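My entries follow in the order in which I looked.

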Amino acid sequence: MKKLLIYLLFILLLSSCGKVITISNKQIIPQDFTNKISKYSTYKDEYLNYYYYTYLDYPNKTYIEILNYVNYPSFYDFSKPAKALNINGLLLVNRKFYLEEDYYPSNLVSITGVNYVKRENEVMMINEDVLKAYKEMEIFAKQKNINFTIFSSFRSYQKQLSLWNPSRPASDKFLAKPGFSEHQTGLVLDISTLDKGLTIHFEDSPSFNFLESNAHKFGFILRYPKGKEHITGYAYEPWHYRYVGKEVAYIIWKEKLTLEEYFYKYLLL
(Lines give C-alpha, C1' and ligand atoms only; values in the text may rest on other atoms or scores of the structure.)
Protein backbone atom coordinates (compact mmCIF):
# COMPACT_ATOMS: atom_id res chain seq x y z
CA MET A 1 0.00 0.00 0.00
CA LYS A 2 2.83 2.36 0.90
CA LYS A 3 4.54 1.69 -2.44
CA LEU A 4 1.31 2.43 -4.31
CA LEU A 5 0.88 5.78 -2.52
CA ILE A 6 4.48 6.73 -3.35
CA TYR A 7 3.90 5.80 -7.00
CA LEU A 8 0.71 7.88 -7.18
CA LEU A 9 2.45 10.87 -5.59
CA PHE A 10 5.25 10.52 -8.10
CA ILE A 11 2.78 10.56 -11.00
CA LEU A 12 0.97 13.59 -9.59
CA LEU A 13 4.28 15.39 -9.26
CA LEU A 14 5.18 14.67 -12.89
CA SER A 15 1.73 15.76 -14.04
CA SER A 16 2.03 19.07 -12.22
CA CYS A 17 5.29 19.67 -14.06
CA GLY A 18 3.64 19.06 -17.43
CA LYS A 19 5.66 15.92 -18.11
CA VAL A 20 2.78 13.49 -18.70
CA ILE A 21 -0.77 13.70 -19.91
CA THR A 22 -2.38 10.36 -19.20
CA ILE A 23 -1.83 6.83 -17.98
CA SER A 24 -3.38 3.85 -19.71
CA ASN A 25 -2.39 0.25 -19.20
CA LYS A 26 0.44 1.56 -17.01
CA GLN A 27 1.94 3.48 -19.94
CA ILE A 28 2.97 7.07 -19.25
CA ILE A 29 2.51 9.23 -22.36
CA PRO A 30 4.80 12.27 -22.44
CA GLN A 31 3.08 15.60 -22.81
CA ASP A 32 5.54 16.61 -25.50
CA PHE A 33 4.53 13.65 -27.70
CA THR A 34 0.83 14.46 -27.30
CA ASN A 35 1.33 18.13 -28.05
CA LYS A 36 3.18 17.39 -31.27
CA ILE A 37 0.97 14.67 -32.69
CA SER A 38 -2.31 16.36 -31.76
CA LYS A 39 -1.48 19.30 -34.04
CA TYR A 40 -2.24 17.20 -37.12
CA SER A 41 -5.75 17.32 -38.58
CA THR A 42 -6.29 13.53 -38.56
CA TYR A 43 -5.38 13.13 -34.89
CA LYS A 44 -8.02 11.33 -32.80
CA ASP A 45 -8.03 11.52 -29.01
CA GLU A 46 -9.36 8.01 -28.63
CA TYR A 47 -6.33 6.61 -30.50
CA LEU A 48 -3.68 8.39 -28.42
CA ASN A 49 -2.50 5.20 -26.74
CA TYR A 50 -2.16 3.44 -30.09
CA TYR A 51 -0.20 6.37 -31.51
CA TYR A 52 2.23 6.24 -28.63
CA TYR A 53 2.62 2.46 -28.72
CA THR A 54 3.37 2.73 -32.45
CA TYR A 55 5.92 5.44 -31.71
CA LEU A 56 7.64 3.16 -29.18
CA ASP A 57 7.65 0.24 -31.63
CA TYR A 58 8.79 2.34 -34.58
CA PRO A 59 10.76 5.30 -33.20
CA ASN A 60 12.01 6.29 -36.67
CA LYS A 61 8.52 6.86 -38.07
CA THR A 62 7.37 10.42 -38.59
CA TYR A 63 4.24 11.66 -36.83
CA ILE A 64 2.41 11.51 -40.14
CA GLU A 65 3.46 7.87 -40.59
CA ILE A 66 2.28 7.05 -37.08
CA LEU A 67 -1.11 8.66 -37.71
CA ASN A 68 -1.52 6.86 -41.03
CA TYR A 69 -0.38 3.55 -39.56
CA VAL A 70 -3.04 3.70 -36.84
CA ASN A 71 -5.84 5.52 -38.68
CA TYR A 72 -5.58 3.68 -41.99
CA PRO A 73 -4.37 0.10 -41.36
CA SER A 74 -5.81 -1.16 -44.68
CA PHE A 75 -3.81 1.24 -46.85
CA TYR A 76 -1.74 -1.57 -48.39
CA ASP A 77 -4.57 -4.12 -48.43
CA PHE A 78 -5.45 -4.63 -52.10
CA SER A 79 -8.41 -6.84 -51.17
CA LYS A 80 -10.30 -3.77 -49.91
CA PRO A 81 -10.94 -1.43 -52.87
CA ALA A 82 -11.40 2.29 -52.24
CA LYS A 83 -11.80 5.40 -54.35
CA ALA A 84 -8.60 6.98 -55.65
CA LEU A 85 -6.89 9.35 -53.24
CA ASN A 86 -6.33 12.94 -54.27
CA ILE A 87 -4.32 14.81 -51.63
CA ASN A 88 -2.87 18.24 -52.31
CA GLY A 89 -3.49 17.66 -56.00
CA LEU A 90 -1.51 14.40 -56.02
CA LEU A 91 -3.50 11.42 -57.30
CA LEU A 92 -2.99 7.81 -56.20
CA VAL A 93 -4.35 4.99 -58.33
CA ASN A 94 -3.26 1.36 -57.96
CA ARG A 95 -4.73 -2.11 -57.36
CA LYS A 96 -6.57 -0.78 -54.32
CA PHE A 97 -7.47 2.79 -55.24
CA TYR A 98 -9.65 3.14 -58.33
CA LEU A 99 -11.13 5.81 -60.58
CA GLU A 100 -14.81 5.90 -61.47
CA GLU A 101 -15.92 4.84 -64.95
CA ASP A 102 -16.80 8.42 -65.88
CA TYR A 103 -13.49 9.89 -64.71
CA TYR A 104 -11.87 11.78 -67.55
CA PRO A 105 -8.83 13.95 -66.86
CA SER A 106 -8.72 17.60 -67.84
CA ASN A 107 -6.07 19.34 -69.92
CA LEU A 108 -5.49 16.41 -72.28
CA VAL A 109 -3.67 17.27 -75.48
CA SER A 110 -2.54 15.29 -78.50
CA ILE A 111 1.06 14.14 -78.34
CA THR A 112 3.07 15.97 -80.96
CA GLY A 113 6.65 17.13 -81.43
CA VAL A 114 8.24 14.05 -79.85
CA ASN A 115 8.93 10.46 -80.85
CA TYR A 116 5.94 8.21 -80.30
CA VAL A 117 4.50 5.00 -81.73
CA LYS A 118 1.85 5.82 -84.33
CA ARG A 119 -1.04 3.39 -84.52
CA GLU A 120 -3.92 3.31 -86.94
CA ASN A 121 -7.08 5.03 -85.70
CA GLU A 122 -5.40 6.17 -82.49
CA VAL A 123 -4.74 9.69 -81.27
CA MET A 124 -2.27 9.48 -78.40
CA MET A 125 -3.08 11.99 -75.66
CA ILE A 126 -1.57 13.11 -72.34
CA ASN A 127 -1.91 15.86 -69.76
CA GLU A 128 -0.58 19.14 -71.15
CA ASP A 129 1.87 19.68 -68.27
CA VAL A 130 3.19 16.14 -68.65
CA LEU A 131 3.85 16.64 -72.35
CA LYS A 132 5.67 19.91 -71.67
CA ALA A 133 7.91 18.23 -69.04
CA TYR A 134 8.54 15.26 -71.31
CA LYS A 135 9.61 17.52 -74.19
CA GLU A 136 12.12 19.22 -71.90
CA MET A 137 13.45 15.84 -70.83
CA GLU A 138 13.71 14.61 -74.42
CA ILE A 139 15.68 17.70 -75.45
CA PHE A 140 18.08 17.16 -72.53
CA ALA A 141 18.44 13.47 -73.42
CA LYS A 142 19.25 14.16 -77.06
CA GLN A 143 22.05 16.47 -75.96
CA LYS A 144 23.58 13.37 -74.40
CA ASN A 145 22.88 11.21 -77.48
CA ILE A 146 20.03 9.40 -75.73
CA ASN A 147 16.78 8.61 -77.51
CA PHE A 148 13.51 7.04 -76.44
CA THR A 149 9.96 6.73 -77.70
CA ILE A 150 6.50 6.97 -76.14
CA PHE A 151 4.62 3.69 -76.57
CA SER A 152 1.40 4.54 -74.72
CA SER A 153 -0.17 7.28 -72.67
CA PHE A 154 -3.75 8.11 -71.63
CA ARG A 155 -6.24 5.25 -71.75
CA SER A 156 -9.90 5.75 -70.91
CA TYR A 157 -11.89 3.39 -68.71
CA GLN A 158 -13.58 2.03 -71.84
CA LYS A 159 -10.24 1.41 -73.56
CA GLN A 160 -8.92 -0.39 -70.51
CA LEU A 161 -12.10 -2.46 -70.44
CA SER A 162 -11.45 -3.57 -74.03
CA LEU A 163 -7.96 -4.72 -73.01
CA TRP A 164 -9.00 -6.44 -69.81
CA ASN A 165 -9.50 -10.20 -69.83
CA PRO A 166 -11.43 -11.33 -66.73
CA SER A 167 -10.03 -14.83 -67.12
CA ARG A 168 -6.51 -13.58 -66.42
CA PRO A 169 -5.08 -15.14 -63.24
CA ALA A 170 -5.04 -13.03 -60.10
CA SER A 171 -1.26 -13.40 -60.02
CA ASP A 172 -0.93 -11.46 -63.28
CA LYS A 173 0.47 -8.11 -62.17
CA PHE A 174 1.01 -6.46 -65.54
CA LEU A 175 -2.48 -5.50 -66.70
CA ALA A 176 -4.84 -3.46 -64.53
CA LYS A 177 -8.59 -3.83 -64.22
CA PRO A 178 -10.65 -0.96 -65.65
CA GLY A 179 -10.60 1.90 -63.15
CA PHE A 180 -7.44 0.64 -61.48
CA SER A 181 -5.07 1.71 -64.26
CA GLU A 182 -2.85 4.75 -63.81
CA HIS A 183 -3.13 5.40 -67.53
CA GLN A 184 -6.66 6.68 -66.91
CA THR A 185 -5.17 9.60 -64.96
CA GLY A 186 -3.55 11.05 -68.08
CA LEU A 187 -0.31 11.41 -66.09
CA VAL A 188 1.50 8.28 -67.27
CA LEU A 189 3.80 7.53 -70.18
CA ASP A 190 5.18 4.17 -71.22
CA ILE A 191 8.69 5.02 -72.46
CA SER A 192 11.18 2.72 -74.14
CA THR A 193 13.25 2.33 -77.30
CA LEU A 194 12.00 0.81 -80.55
CA ASP A 195 14.42 -2.10 -80.32
CA LYS A 196 13.56 -2.99 -76.71
CA GLY A 197 9.85 -2.20 -76.65
CA LEU A 198 7.84 -2.65 -73.47
CA THR A 199 9.98 -5.51 -72.19
CA ILE A 200 12.23 -6.12 -69.24
CA HIS A 201 15.19 -5.76 -71.61
CA PHE A 202 14.72 -1.99 -71.62
CA GLU A 203 16.50 -1.87 -68.26
CA ASP A 204 19.74 -2.87 -70.00
CA SER A 205 19.73 0.16 -72.29
CA PRO A 206 21.50 3.53 -72.00
CA SER A 207 18.08 5.15 -72.31
CA PHE A 208 16.88 3.44 -69.14
CA ASN A 209 20.06 4.42 -67.32
CA PHE A 210 19.43 8.01 -68.33
CA LEU A 211 15.84 7.93 -67.05
CA GLU A 212 16.91 6.28 -63.82
CA SER A 213 19.32 9.16 -63.12
CA ASN A 214 17.45 12.09 -64.62
CA ALA A 215 13.69 11.52 -64.88
CA HIS A 216 13.05 13.05 -61.46
CA LYS A 217 14.64 16.32 -62.59
CA PHE A 218 11.68 16.74 -64.92
CA GLY A 219 9.00 15.52 -62.50
CA PHE A 220 8.81 11.82 -63.47
CA ILE A 221 9.19 8.71 -61.32
CA LEU A 222 9.65 5.06 -62.19
CA ARG A 223 6.25 4.00 -60.95
CA TYR A 224 6.73 0.25 -60.49
CA PRO A 225 10.34 -0.32 -59.35
CA LYS A 226 11.96 -3.69 -58.85
CA GLY A 227 11.56 -5.18 -55.38
CA LYS A 228 8.51 -3.06 -54.51
CA GLU A 229 5.85 -5.26 -56.15
CA HIS A 230 4.24 -6.05 -52.79
CA ILE A 231 3.73 -2.32 -52.25
CA THR A 232 2.63 -1.15 -55.71
CA GLY A 233 0.63 -4.26 -56.53
CA TYR A 234 2.18 -4.38 -60.00
CA ALA A 235 5.16 -6.14 -61.52
CA TYR A 236 8.40 -4.29 -62.17
CA GLU A 237 7.98 -2.19 -65.33
CA PRO A 238 11.12 -0.27 -66.34
CA TRP A 239 9.10 1.58 -68.99
CA HIS A 240 6.23 2.97 -66.86
CA TYR A 241 6.78 6.59 -65.78
CA ARG A 242 4.39 8.74 -63.78
CA TYR A 243 4.47 12.52 -63.62
CA VAL A 244 4.25 13.87 -60.06
CA GLY A 245 6.09 17.19 -60.33
CA LYS A 246 9.73 17.96 -59.60
CA GLU A 247 9.49 18.40 -55.82
CA VAL A 248 7.73 15.10 -55.14
CA ALA A 249 9.76 13.26 -57.77
CA TYR A 250 13.02 14.36 -56.14
CA ILE A 251 11.97 13.06 -52.71
CA ILE A 252 10.80 9.75 -54.16
CA TRP A 253 14.03 9.37 -56.14
CA LYS A 254 16.32 10.39 -53.27
CA GLU A 255 14.66 8.16 -50.67
CA LYS A 256 13.99 5.29 -53.11
CA LEU A 257 10.26 5.32 -52.37
CA THR A 258 7.21 4.30 -54.32
CA LEU A 259 4.30 6.70 -54.72
CA GLU A 260 2.43 4.64 -52.11
CA GLU A 261 5.25 5.04 -49.62
CA TYR A 262 5.41 8.77 -50.30
CA PHE A 263 1.70 9.10 -49.50
CA TYR A 264 2.08 7.07 -46.32
CA LYS A 265 5.14 8.96 -45.11
CA TYR A 266 4.37 12.54 -46.07
CA LEU A 267 0.61 12.97 -46.57
CA LEU A 268 -2.22 12.68 -44.05
CA LEU A 269 -4.65 10.04 -45.29
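**Entry 1: Lys-228**

I looked up Lys-228 and found it buried, with a relative accessible area of 17%. I use buried for under 20% relative accessible area, exposed for over 50% and partly exposed for values in between, computed with a 1.4 Å probe on protein chains only. Lys-228 sits in the loop between S11 and helix H8 (229-232). Helices (H or I, at least four residues) and strands (E, at least two) are DSSP runs, numbered from the N terminus. I then listed the contacts of Lys-228, leaving aside neighbours within four places in sequence: Lys-256, Leu-257, Thr-258 and Glu-261. Contact here means heavy atoms within 4.5 Å.

**Entry 2: basis of the values**

I note that this is a predicted model, in which local features need pLDDT of at least 70 and side-chain atom pairs count only at pLDDT 80 or more, while totals for chains, interfaces and linings use all residues. Residues are numbered from 1 along each chain as its sequence is written, and side-chain values use heavy atoms, with hydrogens and water left out.

**Entry 3: the chain**

I read off 10 helices and 12 strands for the chain. Of its 269 residues, 46% are buried. Among contacts with a separation of 6 or more, 61% are between residues 24 or more positions apart.

**Entry 4: the sheet with S10**

I traced an open sheet of 4 strands, in the order S9-S10-S12-S11, with antiparallel pairing. Its edge strands are S9 (149-152) and S11 (220-222), each of which pairs on one side only. Neighbouring strands of the sheet are turned by 45 degrees against each other on average, direction ignored. Two strands pair if DSSP finds at least two bridges between them.

I went through the pairs one by one.

- S9 and S10 (residues 188-192) run antiparallel and are joined by 3 bridges. Ile-150 stands opposite Ile-191, and Thr-149 has Ser-192 as its bridge partner.
- S10 pairs with S12 (residues 240-243) in the antiparallel sense, over 3 bridges. Here Leu-189 is opposite Tyr-241, and the bridge partner of Val-188 is Arg-242.
- S11 and S12 are antiparallel, also with 3 bridges. Leu-222 has Tyr-241 as its bridge partner.

Is S10 buried or exposed? I found 5 of the 5 residues of S10 buried, so the strand is largely enclosed by the rest of the structure. Val-188, Asp-190 and Ser-192 point one way from S10, while Leu-189 and Ile-191 point the other way.

**Entry 5: Leu-211**

I looked up Leu-211 in helix H7 (residues 206-214). Leu-211 is buried, with a relative accessible area of 1%. Not counting residues up to four places away in sequence, Leu-211 touches Met-137, Phe-148, Ile-191, Phe-202 and Tyr-241. I also checked Leu-211 against Trp-239: they are 28 residues apart in sequence and 9.5 Å apart in space, C-alpha to C-alpha.

**Entry 6: H3 against H4**

Two packed helices are described by the angle between their axes and the distance between the axes. H3 (residues 48-57) and H4 (residues 63-71) pack at about 120 degrees, with their axes 9 Å apart. Axes are lines fitted to C-alpha atoms, for helices over the stretch in contact, and angles run from 0 to 180 degrees between N-to-C directions. That angle makes H3 oblique to H4. Under 35 degrees counts as roughly parallel, over 145 as roughly antiparallel, 65 to 115 as roughly perpendicular and the rest as oblique.

Which residues of H3 and H4 make the contact? I listed Tyr-50, Tyr-51, Thr-54 and Tyr-55 of H3, and Ile-66, Leu-67, Tyr-69, Val-70 and Asn-71 of H4. By class, this contact of H3 with H4 has 7 nonpolar, 2 polar and no charged residues. Ala, Val, Leu, Ile, Met, Phe, Trp, Tyr, Cys and Pro count as nonpolar, Asp, Glu, Lys and Arg as charged, and the others, Gly among them, as polar.

**Entry 7: H4 against H10**

I found H4 and H10 (residues 259-266) packed at about 105 degrees, with their axes 6 Å apart. H4 and H10 are therefore roughly perpendicular to each other. The contact is made by Ile-64, Glu-65, Asn-68 and Tyr-69 of H4 and by Phe-263, Tyr-264, Lys-265 and Tyr-266 of H10. These residues divide into 5 nonpolar, 1 polar and 2 charged.

H10 is mostly covered, with 6 of its 8 residues buried. I noted them as Leu-259, Glu-260, Glu-261, Tyr-262, Phe-263 and Tyr-264. Glu-261 is also among the contacts of Lys-228.
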